[in-house]
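Please examine the sequence and the three-dimensional structure shown below.

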Amino acid sequence: MTTHPTSQDRDPNEGRPFYQHLGLRIEQGLPAGTSRVHLEGRKEFQNSRGDIHGGVVAAVVDAAMGAAMRSAYTAGEGATTVSLTVNYLEPAREALMAEGRVMRAGRSLASVEVTVTDKAGRTVAHAIGTLRVIARRS
């Protein structure tokens with residue numbers, strides 16, 4: 001795994017309209033193979049009980065997996081989610097933080113773990129996923 005030296009200088013939401021739409025904030029300057037993604041709770045994210053909808057939580061998890069992968073590979077390489085398992089442990093409310101960590105990175109597949117916590121520090125979800133590495137285009 002190699003971190004591209006200028007990757008910390010670029011806006012991680014650049015070219016990702018969905019991240020911008022959700023208002024995701026991706027922390028910079030973390031160790032290679034890790035990520036931290038923040039989501040502020042908004043009324044339009046709520047389900048009928050007033051909790052953040054599970055689909056929104058899954059989207060934050062997916063973003064954290066992708067950010068961890070992008071920090072672990074060289075510039076130009078990417079990844080796409082092959083499988084994702086999310087265990088919802090508590091109702092998600094208000095602001096969320098997803099922390100991703102690449103568990104194993106190979107040439108074609110990687111395994112990533114994500115923990116999602118709320119503003120109070122409660123773990124609201126735990127996820128594991130497999131991502132396929134997309135080679136740099138020549």
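**Basis of the report**

The model is predicted, so local features need pLDDT of at least 70 and side-chain atom pairs count only at pLDDT 80 or more, while totals for chains, interfaces and linings use all residues. Residues are numbered from 1 along each chain as its sequence is written, and side-chain values use heavy atoms, with hydrogens and water left out.

**Overall fold**

The protein contains 2 helices and 6 strands. Here, helices (H or I, at least four residues) and strands (E, at least two) are DSSP runs, numbered from the N terminus. Along the sequence, these elements follow the pattern α-β-β-α-β-β-β-β.

Of the 138 residues in the protein, 37% are buried. A residue is called buried under 20% relative accessible area, exposed over 50%, and partly exposed in between (1.4 Å probe, protein chains only). The protein exposes about 7900 Å², and carbon and sulfur atoms supply 50% of this area. Accessible areas come from the Shrake-Rupley method with a 1.4 Å probe; for residues, only the protein chains shown count as cover.

A contact means heavy atoms within 4.5 Å. Among the contacts in the protein with a separation of 6 or more, 60% are between residues 24 or more positions apart.

**Salt bridges**

Side chains of opposite charge can pair when their charged atoms come close. The rule applied here requires a side-chain nitrogen of Lys or Arg within 4 Å of a carboxyl oxygen of Asp or Glu. By this rule the protein has 9 salt bridges. Some of them are listed in the table.

| Salt bridge | N to O distance |
|---|---|
| Glu27 and Arg36 | 2.9 Å |
| Arg93 and Asp51 | 3.1 Å |
| Arg122 and Glu90 | 3.0 Å |

Glu27 and Arg36 also belong to a network of salt bridges that includes Glu99. Glu27 is partly exposed, with a relative accessible area of 24%, and Arg36 is likewise partly exposed, at 23%.

How many residues apart are Arg93 and Asp51? The salt bridge between Arg93 and Asp51 links distant parts of the chain, 42 residues apart: Arg93 lies in the loop between β3 and β4 (96–105), and Asp51 in the loop between β2 (34–39) and α2. Arg93 is partly exposed, with 39% relative accessibility, whereas Asp51 is buried, with 7%.

Arg122 is partly exposed, at 29% relative accessible area, and Glu90 is partly exposed, at 38%.

Is Met69 buried or exposed? Met69, found in helix α2, is buried, with a relative accessible area of 2%. Not counting residues up to four places away in sequence, Met69 touches Ala79, Val102, Ala110, Val112, Leu131 and Val133. Met69 and Ala110 are 41 residues apart along the chain, and their C-alpha atoms are separated by 8.1 Å.

Arg101 has its place in strand β4 and is partly exposed, at 42% relative accessibility. Leaving aside neighbours within four places in sequence, its contacts are Gly33, Thr34, Ala68, Ser111, Val112 and Glu113. From C-alpha to C-alpha, Arg101 and Ala68 are 6.0 Å apart in space, although 33 residues apart in sequence.

Glu94 is located in the loop between β3 and β4. Its phi angle is near 55°, a positive value in a residue other than glycine.

**The second largest pocket**

Rolling a probe the size of a water molecule over the atoms shows where empty space is left. On a 1 Å grid over the protein atoms alone, a pocket is an open set of points where a 1.4 Å probe fits, with protein on both sides within 12 Å along at least five of seven lines; lining residues have an atom within 4 Å of a point. Grid points are joined across faces, edges and corners, and a volume is the space filled by probe spheres set on the points.

The second largest pocket has a volume of about 190 Å³. Its lining includes Arg16, Phe18, Asp62, Arg70 and Leu131. The elements that give two or more residues to this lining are α1 (17–22), α2 (54–72) and β3 (78–88). The largest share, 4 residues, comes from α2.

The lining of the second largest pocket divides into 5 nonpolar, 3 polar and 3 charged residues. In this division, Ala, Val, Leu, Ile, Met, Phe, Trp, Tyr, Cys and Pro count as nonpolar, Asp, Glu, Lys and Arg as charged, and the others, Gly among them, as polar.
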